[in-house]
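Reader: I would like to learn how to read a model feature by feature. Please keep it brisk.

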Amino acid sequence: MVTGILLLISLLSGTVLGSTCGIHCYFCKPNGSCTHCNSGWYGSGCTNPCPETCPGSCHKTTGFCKSCLEGTYGNFCRGKCSPNCNGGRLCNRRNGDCTQGCQKGFHGSKCTVRCGHCVDGACERLSGSCVAGCTDGWTGQTCSEACRAGCIKCTTPNTCVLCGGDLQGPFCNISKTMTSLPLSPPAKSKPLNNSDIAQKEKESGAVVGISLGIIFTVLIVLLMVCVLVYTDGIKMIRRVFDPAYKANRKPHQEPLYHHDELGSPTISRSHLKLNEHTDRK
């Protein structure tokens with residue numbers, strides 16, 4: 001009877017007759033090893049305190065938290081859930097992924113990546129694709145590529161489909177008013193007096209006179225050239241087609257007589273041919 005009472009007391013106190021376990025041991029085996037630890041302790045002898053980030057007990061061997069407070073995750077509950085998770089700071093206790101999706105304007109497994117320039121700021125949870133398209137001036141699947149300057153809508157950064165302001169062209173770099181830009185007013189000049197007017201008229205008359213002289217000179221030269229060309233042309237035609245002209249033409253620059261080696265005068269060959277032609281007639 002006494003032995004049973006002592007054994008019950010030893011079990012409740014974590015000790016067994018003949019052996020001693022740590023004070024944080026919940027159940028001690030007869031060989032002195034602790035099989036269960038009191039809440040907040042772990043290790044073979046239940047001598048290690050659980051991490052302060054654990055809200056309750058931890059695994060006896062590893063010390064991993066069996067549960068985490070809201071907004072924390074990880075083996076020791078030291079990770080912080082993203083504030084961009086839907087439903088407050090709720091996330092997977094093991095890896096920190098947002099379990100209820102992301103707040104508007106964020107994407108990614110942990111909702112830490114901002115959406116691009118999406119219409120309404122909403123994008124697909126994992127890929128970041130803009131659901132309703134891009135805002136003006138942006139393009140790409142995630143609306144993170146800027147259109148070129150002056151372009152409102154584009155399919156690629158350099159392919160504009162809608163230009164802003166007065167711009168036009170495939171690259172929105174031509175102004176619609178470029179050909180009709182207002183001209184600057186002419187500079188004001190001082191009024192001319194009579195002497196200035198007379199000088200202007202004199203200069204204008206001189207310019208006109210010189211111009212007319214040049215024109216008449218050019219016309220005279222052209223006329224002379226035409227006469228010479230016409231005359232030479234007539235002579236050339238006669239030389240080719242008129243036999244009488246050929247027969248009656250005078251020798252050109254050939255003397256009537258030549259002197260032989262002994263100094264005796266002899267008639268030139270051209271004159272001989274001309275005389276023979278005359279005799280035949």
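Reader: How many bridges join strand 1 to strand 2, and do they run parallel or antiparallel?

Author: One point before the answer: this is a predicted model. To read a strand pair, look for the bridges and then for the direction. Strand 1 (residues 25-28) and strand 2 (residues 34-37) are joined by three bridges and run antiparallel. Phe-27 stands opposite His-36 in strand 2.

Reader: Which residue takes a positive phi in the hairpin of strand 1 and strand 2?

Author: Gly-32 does, near 95 degrees. That hairpin has five residues between its strands.

Reader: How many residues lie between strand 11 and strand 12 in their hairpin?

Author: Two residues lie between them. Strand 11 covers residues 151-156 and strand 12 covers residues 159-163. They pair in the antiparallel sense over four bridges.

Reader: Where is Cys-143 found, and is Cys-143 buried or exposed?

Author: Look in the loop between strand 9 and strand 10 (145-146). Cys-143 has 0% relative accessibility, so it counts as buried. Its phi is near 55 degrees, a positive value in a residue other than glycine.

Reader: Next, charges. How many salt bridges does the structure hold?

Author: Two. The side chains of Lys-110 and Asp-97 meet at 3.3 Å, N to O. This pair links distant parts of the chain, 13 residues apart. Lys-110 is in the loop between strand 7 (106-107) and strand 8, while Asp-97 is in the loop between strand 6 (79-80) and strand 7. Lys-110 is partly exposed, with a relative accessible area of 30%. Asp-97 also counts as partly exposed, at 24% relative accessibility.

Reader: Which side chain meets Asp-136 in a salt bridge?

Author: That of Lys-153, at 2.8 Å, N to O. Asp-136 lies in the loop between strand 8 and strand 9 and Lys-153 in strand 11, so the pair ties together parts that are 17 residues apart in sequence. Lys-153 is partly exposed, with a relative accessible area of 33%.

Reader: Now a loop residue. What does Lys-60 touch?

Author: For a contact list, set aside the residues up to four places away in sequence. Lys-60 then touches Cys-34, Thr-35, His-36, Cys-37, Tyr-42, Gly-43, Ser-44 and Cys-46. Its side chain reaches the backbone oxygen of Cys-34 at 3.3 Å. The C-alpha atoms of Lys-60 and Cys-37 are separated by 6.7 Å, although these residues are 23 apart along the chain. Lys-60 itself sits in the loop between strand 4 (48-49) and strand 5 (72-73). Its relative accessible area is 22%, so Lys-60 is partly exposed.

Reader: Why does Ser-129 count as buried?

Author: The cut-off for buried is under 20% relative accessible area. Ser-129 counts as buried because its relative accessibility is 16%. Its place is in the loop between strand 8 (113-114) and strand 9 (138-139). The side chains of Ser-129 and Gln-141 make a polar contact at 2.9 Å. Beyond four places in sequence, Ser-129 is in contact with Cys-123, Glu-124, Gln-141 and Thr-142.

Reader: Which residues form the nonpolar patch on the surface?

Author: Val-208, Ile-210, Leu-212, Ile-214, Ile-215, Phe-216, Val-218, Leu-219 and Leu-222. Together they have about 870 Å² of accessible area. Ile-214 counts as exposed, at 52% relative accessibility.

Reader: Last, the whole chain. How many helices and strands does the protein chain have?

Author: Four helices and 16 strands. Of its 281 residues, 21% are buried. The chain exposes about 20400 Å², and carbon and sulfur atoms supply 61% of that area. Among contacts with a separation of 6 or more, residues 24 or more positions apart account for 10%.

Key: Residues are numbered from 1 along each chain as its sequence is written. This is a predicted model: local features need pLDDT of at least 70, side-chain atom pairs count only at pLDDT 80 or more; totals for chains, interfaces and linings use all residues. Side-chain values use heavy atoms; hydrogens and water are left out. Patches are made of residues with over 30% relative accessible area and no salt bridge: like charges are joined within 9 Å, nonpolar side chains (Val, Leu, Ile, Met, Phe, Trp, Tyr) within 5 Å. Accessible areas come from the Shrake-Rupley method with a 1.4 Å probe; for residues, only the protein chains shown count as cover. A salt bridge is a side-chain nitrogen of Lys or Arg within 4 Å of a carboxyl oxygen of Asp or Glu. Buried means under 20% relative accessible area, exposed over 50%, partly exposed in between (1.4 Å probe, protein chains only). Two strands pair if DSSP finds at least two bridges between them. A polar contact is a pair of N or O atoms within 3.5 Å; within protein, one must be able to donate a hydrogen and the other to accept it, and residues adjacent in sequence count only if both atoms are side-chain atoms. Contact means heavy atoms within 4.5 Å.
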